[in-house]
Amino acid sequence: MNPKAKIGKNCNIAQGVTIAQANRGKNEGVPEIGNEVWIGPNAVIVGNVKIGNNVLIAPNAYVNFDVPENAVVIGNPATFTQKTNATEGYINNKI
């Protein structure tokens with residue numbers, strides 16, 4: 001994980017996740033991740049992208065674009081669908 005990335009409250013990040021900086025191009029910069037985001041194993045989030053609150057990022061997803069709140073993100077390249085309570089039952093140990 002890039003130390004400059006911003007991560008909100010109650011995020012669950014699984015093993016093998018990459019949260020990376022892009023050093024050039026239109027997404028140059030680091031990710032900003034909202035509250036109550038669940039990121040599955042081996043997912044990749046790269047560049048100056050914003051991940052909204054209550055987002056579920058499926059295992060092995062490759063995310064290099066902004067994701068709105070209440071979305072489920074899947075695939076490589078990733079796509080998303082809107083879903084109320086996207087992370088219900090996924091977020092552990094809330095503060």
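Trainee: Is Asn12 buried or exposed?
Mentor: Asn12 is buried, because its relative accessible area is 14% and buried means under 20% (1.4 Å probe, protein chains only). This is a predicted model, where local features need pLDDT of at least 70, side-chain atom pairs count only at pLDDT 80 or more, and totals for chains, interfaces and linings use all residues. Residues are numbered from 1 along each chain as its sequence is written, and side-chain values use heavy atoms, with hydrogens and water left out.

Trainee: What does the side chain of Asn12 reach?
Mentor: The backbone nitrogen of Asn92, at 2.8 Å.

Trainee: And which residues does Asn12 touch?
Mentor: Leaving out residues up to four places away in sequence, Asn12 touches Val37, Trp38, Ile39, Tyr90, Ile91 and Asn92; contact means heavy atoms within 4.5 Å.

Trainee: Switching to cores. How many residues has the largest nonpolar core?
Mentor: It has 19 residues, and Ile33, Ile39, Ile45, Ile51, Ile57 and Val63 have the most contacts inside it. Such a core is a set of buried Ala, Val, Leu, Ile, Met, Phe, Trp, Tyr and Cys residues joined through side-chain atoms within 4.5 Å. Another core, of five residues, lies apart from it, and Trp38 and Leu56 are among its members.

Trainee: Which residues does Val63 touch?
Mentor: Val44, Ile45, Val46, Ile51, Ile57, Val73 and Ala78, again not counting residues up to four places away in sequence.

How values were computed:
Buried means under 20% relative accessible area, exposed over 50%, partly exposed in between (1.4 Å probe, protein chains only). A polar contact is a pair of N or O atoms within 3.5 Å; within protein, one must be able to donate a hydrogen and the other to accept it, and residues adjacent in sequence count only if both atoms are side-chain atoms.
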